[in-house]
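Dear colleague,

Here is the structure I said I would pass on. My notes on it follow below.

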Amino acid sequence: MDPPDSIQVETPPRSSSQLEQAPQRRRRGAHSVELILIATISFVILSLFNSEFIVRSYSVQNVPREFDSPNPAAWEEGTTATDSREREQSRESVLENHPRGSIHRIAFITFSYVRHNDTNKLFNFLLPAVDTWAAPLHDAHNTTFNNPNEREEFPLYVVFSNTSRKAFEDICTHDKIQIPPQSRKLCRRIHPIYVDCPEGRWGESPCCKQQKGLVEIFGKNYPLYDWYAFFDDDVYLRKEYVATLLAELQPPDFPMAASPYSQQAKPIGHGRKTCGVGMKQFLYPWGQPIFYSRGAMKMMEKGYRANSLVSQCAAFDLTHDVGNQVLNWMYSLPMATLPPLLSLPLMRGDYIGNHWVGREEMRSKTRGERDKSVESWSFYGTHKKWMDPKLKHPRVEQLVTVRKVDGYKWYPNVTGFHQTLTYELHGDPQTWEEGQWFTMQYSDCMVHVV
């Protein structure tokens, strides 16, 4: 997907009085050159602001504080978690020493697979990821980390199906297969989550891995994070930048999600199973990568345990990115837009990362078989490019608020689900009993469309 067009800003015209103030002794030709130079410099400066920093402002005051979506979570600025369960209180303490905006307050979660006869994902995606963007520390050129307790310091959670367990542990845990010492060290940065899901790249498998992986990390004895990020294993994230942006949104107990505005808002569903075309309340962003607040996880956990995401993916014949759109829309979940995450080779200072990293087949498809930039599409090549000072991300206070450009929107209250037969029969998913999930079928969401 190409980046959105820049907004053109005209240089303010100079008044006749300003022109008359020029010294009369200058020749007319020199005077014209001076004006052209000033106009050019002004245009360049304004263009920089409109191409490099055309992203919405993320300061809390620009995010609505009140929502009329069903059962909004009550919160006040400065409060901490309202859930008083002892388990959550003890898990809160894990994050006490990490400041607001720390990467340690976000659970970074991907999914993948490993087989004894197919280790491509491990050696070309997962290990390079934890040695580049997901490494605990960065310096100007590469990653350095000397703490022997690496995994606990900053883990990358990877959701595997149970079929990958033996291969991953034989290679990374039990030393049954000979691998280089550096690879062994990088293995310790991966925290595997094993779930009972079918194996596959599209459809039920990623939907199941997201659903069960999030429940495992949120519901078990892991730190109670502020945010839960779920994304494909070919994604490169600028995690420090992302953490800064998320910290400027609502307090983490507020139920909401965030997604790059490059995902854009589209009609619910995809392909032949798309509903509400042309209806504003049936527009909602896709979700890959998706960032859920702690409050959103509290709200959606019961549905996840009732197989919500897998059920909706199956009903609409979707994979997880559009499946997240359908499920979040059913919850009327407020969604904030973050700066773009676009597929390689597109990069810009305000982007939060890239997709298709390490995907040789996508490089060949988009760049042609003669393209020799194989290394630049790897995690190491991509990381080297992002470490270029020219691509340094802007400070939050530099981000420009954009209110009239498609895709740069805050979606505070999308209630199109209330126009469906599923809502008419069963009400809001938040009110459904434990273990219940009433799957919205494609035909249900078309019932009230005029």
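Is Ser 378 buried or exposed? With a relative accessible area of 19%, Ser 378 is buried, since the cut-off for that class is under 20%. Please keep in mind that this is a predicted model. Ser 378 sits in the loop between α13 (360-367) and α14 (379-386). Leaving out residues up to four places away in sequence, Ser 378 touches Val 357 and Gly 358.

On the sheet: three strands form an open sheet in the order β5-β13-β12, and the pairing is mixed. The edges are taken by β5 (236-237) and β12 (341-343), each with a single partner strand, so one side of each has no neighbour in the sheet. The pairing of β5 with β13 (residues 353-355) is antiparallel and runs over two bridges. Within β13, Gly 353 is the residue opposite Leu 237.

On helix α12: this helix spans residues 320-330 and is mostly covered, with 11 of its 11 residues buried. Among them are His 320, Asp 321, Trp 329 and Met 330. Just after α12, Ser 332 has a positive phi of about 50°.

On charged pairs: the whole structure contains 17 salt bridges. Three of these pairs are described here.

- Arg 165 and Glu 169 form a salt bridge at 3.2 Å, N to O. Both residues belong to helix α6 (residues 165-172) and are four residues apart, about one turn of the helix. Arg 165 is partly exposed, at 39% relative accessible area, whereas Glu 169 is buried, at 19%.

- Lys 239 and Glu 240 form a salt bridge, with their closest N and O atoms 3.1 Å apart. Lys 239 is buried, at 0% relative accessibility, while Glu 240 is partly exposed, with a relative accessible area of 33%.

- Asp 253 and Lys 298 form a salt bridge in which the closest N and O atoms are 3.0 Å apart. Asp 253 is in the loop between α9 (239-247) and β6 (257-260), and Lys 298 is in helix α10 (residues 294-305), so the pair ties together parts 45 residues apart in sequence. Asp 253 counts as buried, at 14% relative accessibility, and Lys 298 as partly exposed, at 25%. Through shared partners, salt bridges join Arg 105, Asp 226, Asp 253, Arg 294 and Lys 298 into one network.

Regards

How values were computed
Residues numbered from 1 in each chain as written. Predicted model: local features only at pLDDT ≥ 70, side-chain atom pairs only at ≥ 80, totals over all residues. Heavy atoms only, no water. Buried < 20%, exposed > 50% of the residue type's maximum accessible area, 1.4 Å probe, protein only. Pairing = 2+ DSSP bridges. Contact = heavy atoms within 4.5 Å. Salt bridge = Lys/Arg side-chain N within 4 Å of Asp/Glu carboxyl O.
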